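Work through the exercises below with the sequence and the model open. Try each task before you read its solution.

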Amino acid sequence: MSRFLKALAVLAPFLITANGATAQDADAGAKVFNKCKACHVVGEGAKHRVGPELNDLFGRTAGSAEGYKYSPAMTTAGEGGLVWNDESLHAYLVAPRSFVKGTKMAFAGLKKQEEIDNLLAFLKSYSSDAAAPQEEEAKPEEKSEAPAAAPEKKTEAEIPPPSAAPATAVATHGVFHLGRPATGDEIAAWDIDVRPDGQGLPDGRGTVAQGEVLYSDQCAACHGDFGEAIGRWPVLAGGLDTLTNDRPVKSIGSYWPYLSTVYDYIRRSMPFGDARSLSDDDVYALTAYVLYLNDIVTDEDFELSRDNFTAVDMPNKDGFIDDDRLSETHYADKAEPCMKDCRPGTAEITAHAAVLDVTPDGEDDGEGAPSIE
Amino acid sequence: MTKTSTRRGFMKGGLTAGAALATAGLVAPARAGGDPAITEIQDWNRYSGAGVDASPYGKPSDFEAHVMRRNVAWLTADPVSSVNFTPLHELDGIITPNGLCFERHHAGVAEVDPQQHRLMINGLVDTPLVFTMADLMRFPRENHIYFLECAANSGMEWRGAQLNGCQYTHGMVHCVMYTGVKLKHLLAEAGVKTAGKWVMPEGADASAMTRSIPLEKAMEDCLVAFKMNGEALRPEQGYPLRLVVPGWEGNMWVKWLRRLEVGDEPWHAREETSKYTDLLANGKARRFTWVMDVKSVITSPSPQMPITHGKGRTVLTGLAWSGAGKISRVDVSLDGGRNWVTARLDGPSLTKALHRFYHEFDWDGSELFLQSRAIDEAGFVQPTKQELRAVRGANSIYHNNGIQTWHVAKDGVVENVEIS
């Protein structure tokens, strides 16, 4: 079975439940289609534009509209058996480029289940082969759910059941058919990681000046007004050109290779004790402000957004090398170690732990001792 | 029972007790009637003890109350993002009891309700999936004993001898039996796309820890574990679910595991850029230094385990481990690395697990410089600290597997030292 068919087989039961519970609204779907209009036309006389026309989409083999030049990926997917219907469209529209790897459709994906349902209802109205059987199947499902789903649970209707796939459904993905497909909303809720190439950056923007306000309210208490850190809380700024010093200061400015790490980390973990409380705009503003604290940007009006994010170069971006421990002689030679008379003379103590007396219960509070990371 | 709360107090207590024992050993035969431990009826010999349900879960003897994880308060700003250490000196065999496994959290211990816990797989997969704990229990399970070592274990010692006790110098390691599901089964369930080359585990705690793991490793031996030493993971070890990345640095073993994303490139998360990169003397830093190198430490005698019995028969014991596989040999030196003898490995020898070694000898009461040197099945030999510093400088923080020296004074007191 092609991976598309495998993926779809399991989406089916879940979608039925979701559709059954949510009224699809073709009119609302027309609005959602605004997001597609830049590239697609549907309706009488529709022509290919950037993307193929979408009349009679339901039941169409992927990559088969006459006169449109598809990417090899889409053509191959069609040849592999991918046909457009509720399930496959759902999967494609949530994440086009991961469902059809190599598709040239430059569209990030729709996150809301409801939007997709409505959009599909809208597109169905331009398809003569709209997948009727699924609606029939949906009914018994709906009925069997009805008594259990008490009215007060209405808001949960769109949320898939907490256990795996509905008991009546037999999933066919993978080997053991365990688990259930994640919804777009669920993935969006958790998948907030950002990569150096900008993948994962959300919409939004924030200026240095906005960041300064947030920072002094929510960050300075630990990280210091200038990112210099209070006590043993982490340093966020300074230390440029200290990496070869006896006591290097590894800060965002002096050490971190990528700005994406700053955004990603602040968004997922800070402020300490109240993670995930910042808006995406707040995080842009704070990231801009941290750049400012490190003199990487100098203009208070500087605004950071998805558009200029990857253009920011970090001072130590070339400071990292891959693991080459194996090239160190003591590893490389793997020599049979010496057993007798290996070192001249008798051992002399050159340093005591007691001299530094940083032993936990010592009187010394460890001031000046290296900190653990 | 020992009620001392400080190490010094404990050490003193230990020494006094030891001295008392030694005295008893010498004097007892001369005493009329013999050892009161024998000649007098003890309370426990006379009165019944507590009933079966006095401690439904069970805990160690009150006499062992000093055996506990300990932290070094000034190492970090806040105990919520901090570390404590396994009392290696008190343990034997290769298994670490669950309650003694060192802790390292970045946002405290998450109290996760297993009913509400989900594991998501997304990214470059055919079908992004969500599993409940109940779903995970339906996959084929495996049991494996692995050590987990924090890459910063012994990190304090780069600049020279610092902390007086193997609990502090080497206590960021533990070894338990994990029960879990091979990560490759979970990934296969979602179907990794051909472009997928990396896997990013993410924690459900307030630090939402992430790391990038090459797909090869993920498919090789990683486990998604829910049990340690037969019981549910302890909260501080990631209950209800953690990743097990055998032989690789502990930070990657993401606790409270809630998500696995497949991608075509690494993410360069904070814990693989700002942290867990090894700064070299030339100002460049190594990144993605995942494997934990061959290493060993003598756990007794050690600063917290002085020799209290005087001259004569002495048991030296310690632990050895390697991220490259099994330990094939451990040598010990009593004279600071001048001469070595091969120690006796005892107990199971399992890949990427702790190994226990012993060396029994007659102590003549002279000063000793104890060292141990492990060799793994790949042929890697544990280096000296000098060798490491010569190539890396003293600012690496991570991956210090240098040979540890304990100085045993004539009175049996043991100290962490550096020697010529």
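**Exercise 1. A salt bridge within chain B**

Task: Find the atom distance at which the side chains of D331(B) and R373(B) meet, and say where in the chain the two residues sit.

Solution. Start with the rule: a salt bridge is a side-chain nitrogen of Lys or Arg within 4 Å of a carboxyl oxygen of Asp or Glu. D331(B) and R373(B) meet it, with N to O at 2.8 Å. D331(B) is in strand β17 (residues 327–333) of chain B, and R373(B) is in strand β21 (residues 368–376) of chain B. They are 42 residues apart, so the pair links distant parts of the chain. Helices (H or I, at least four residues) and strands (E, at least two) are DSSP runs, numbered from the N terminus.

Now check burial. Buried means under 20% relative accessible area, exposed means over 50%, and partly exposed lies in between (1.4 Å probe, protein chains only). D331(B) has 0% relative accessibility, so it counts as buried. R373(B) has 6%, so it counts as buried too.

A note on the source: this is a predicted model, where local features need pLDDT of at least 70 and side-chain atom pairs count only at pLDDT 80 or more, while totals for chains, interfaces and linings use all residues. Residues are numbered from 1 along each chain as its sequence is written, chains are lettered from A and ligands numbered from 1 in the order in which they are written, and side-chain values use heavy atoms, with hydrogens and water left out.

**Exercise 2. The interface of chain A and chain B**

Task: How many residues of each chain are in contact, and how much area is buried?

Solution. Count contacts first (heavy atoms within 4.5 Å). 99 residues of chain A are in contact with 117 residues of chain B. Then take the area. The two chains bury about 9300 Å² between them, 55% of it on carbon and sulfur atoms. Buried area is the accessible area (1.4 Å probe) that two parts lose on being put together, summed over both.

Now the charged pairs. There are 11 salt bridges between chain A and chain B. One of them joins R195(A) to D264(B), with the closest N and O atoms 2.7 Å apart. On the side of chain A that touches chain B, helix α11 (residues 259–269) of chain A gives the most, with 5 residues.

Finish with the strands. Strand β5 (residues 349–352) of chain A and strand β23 (residues 414–419) of chain B run antiparallel, joined by 3 bridges. Two strands pair if DSSP finds at least two bridges between them. I349(A) has I419(B) as its bridge partner.

**Exercise 3. An enclosed strand**

Task: Which strands of chain B are joined to β12(B), and in which direction does each run?

Solution. Check burial first. In strand β12 (residues 257–263) of chain B, 7 of the 7 residues are buried, so the strand is largely enclosed by the rest of the structure. Take one neighbour: strand β3 (residues 118–123) of chain B runs parallel to β12(B), with 4 bridges. There G123(B) stands opposite V262(B). Take another: strand β7 (residues 198–203) of chain B runs antiparallel to β12(B), with 6 bridges. There G203(B) stands opposite L257(B).
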